[in-house]
Amino acid sequence: MDGHFDGAGKKSGDRNQKAGGLSVSKIATRIARRQLRQKQEEEHAAEQKKTDEHYMRLALQQARRAQALGEVPIGCVIVKEGEVIARGYNRRNTDHNTLSHAELNAIRKASRKLQDWRLEGCTIYITLEPCQMCSGAIVQSRIDRCVVGAMNPKAGCAGSVMNLLQVKGFNHQVDLTTGILEEACSQMLSEFFQRLRQEKQGKTAENLPEEKQEKAEGNLLRQQERTDR
Ligand SMILES: [Zn+2]
């Protein structure tokens, strides 16, 4: 034994063995630290995922409000310091307005609440990957982080068609997390479009009770919304 590290430290009691100038005890300490750091990162990621899923469920509630109005079910919430400061859902047909996407409706409300166009320190949770307009608004409003449920391969601008949230040339980039409650988010959309197709094919009779239910729910939500705004 020449005092250098021989692979596995056969003499486990010998704390003075060297490996490239490092003693075995130092290596052991580094490994332990790295393992601890990994464990902490894993725990943090699991905690973050749980939090993200919680807020995505609230965004899904907003999507249901859109659905109740016969709109494509897309919803979102904006969170600052653990508090939901704004909610929004797609109202494009209801408002006869291209700008009435869930994200823009929520951004408008959040700015009103904070009395600031800058939404620094905020996270936006959206059930569907944002379009070019909303991705642009998210960057413009300086939102810190964007969490997405389902991706939108044909129109999404948070990685699908392009990634407007993270263009290095702009003065602000947005942290991005995708795939949170992805299945629930995309299922809601596919069910909506499936029902729409059935309606177009004249199969509405089968769904009548559910439709009546949704219409009643829509009326109730409209009443709630008047008090919301
Ligand atoms: Zn949009």
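Which residues of the largest nonpolar core touch the most other members?

Modeller: The model is a predicted one. In the largest nonpolar core, which has 44 residues, Ile124, Tyr125 and Cys146 touch the most other members. The elements that each supply at least two residues of this core are α1 (24–68), β3 (75–80), β4 (83–89), α3 (102–114), β5 (122–128), α4 (132–140), β6 (145–150) and α5 (182–200). The largest share comes from α1, with 7 residues.

Tyr125 shows how some of these pieces meet. Leaving aside its neighbours within four places in sequence, Tyr125 is in contact with Tyr55, Met56 and Ala59, with Cys76, Val77 and Val79, and with Val147.

The sheet comes next. It is an open sheet of 5 strands with mixed pairing, in the order β4-β3-β5-β6-β7. β4 and β7 (175–177) are at its edges; each has a single partner strand, so one side of each has no neighbour in the sheet. On average, and with direction ignored, neighbouring strands are turned by 20 degrees against each other. Within this sheet, the pairing of β3 with β5 is antiparallel and runs over 5 bridges. Val79, one of the contacts of Tyr125, has Thr123 in β5 as its bridge partner.

Helix α5, a contributor to the core, lies across β5 and β6 and runs at about 60 degrees to β6. α5 has 19 residues, and its first and last C-alpha atoms are 27 Å apart, close to the 27 Å expected at 1.5 Å a residue. Just after α5, Gly202 takes a positive phi of about 75 degrees.

An unreviewed UniProt entry lists His101, Cys131 and Cys134 under "binding site". These positions are spread over 34 residues of sequence, yet they cluster in space, with a largest C-alpha distance of 9.2 Å. Cys131 is found in the loop between β5 and α4, whereas Cys134 sits in helix α4.

Cys134 is buried because 27 other C-beta atoms lie within 10 Å. Not counting residues up to four places away in sequence, Cys131 touches His101, Ala155 and Cys157. With that exclusion applied to Cys134, the residues touched are His101, Glu103 and Leu104.

From the N terminus on, the elements run β-β-α-β-β-α-α-β-α-β-β-α-α. Of the 229 residues, 29% count as buried. Among contacts with a separation of 6 or more, 52% are between residues 24 or more positions apart.

Definitions and conventions. Residues numbered from 1 in each chain as written. Predicted model: local features only at pLDDT ≥ 70, side-chain atom pairs only at ≥ 80, totals over all residues. Core = buried A, V, L, I, M, F, W, Y, C linked by C-beta atoms within 7 Å. Buried ≥ 20, exposed ≤ 12 C-beta atoms within 10 Å, placed from the backbone. Helix = DSSP H or I, 4+ residues; strand = E, 2+ residues; numbered from the N terminus. Contact = placed C-beta atoms within 7 Å. Expected span 1.5 Å × (residues − 1). UniProt positions renumbered as here; feature names shortened; annotations may be inferred. Pairing = 2+ DSSP bridges. Axes fitted to C-alpha atoms, helices over the stretch in contact; angles between N-to-C directions.
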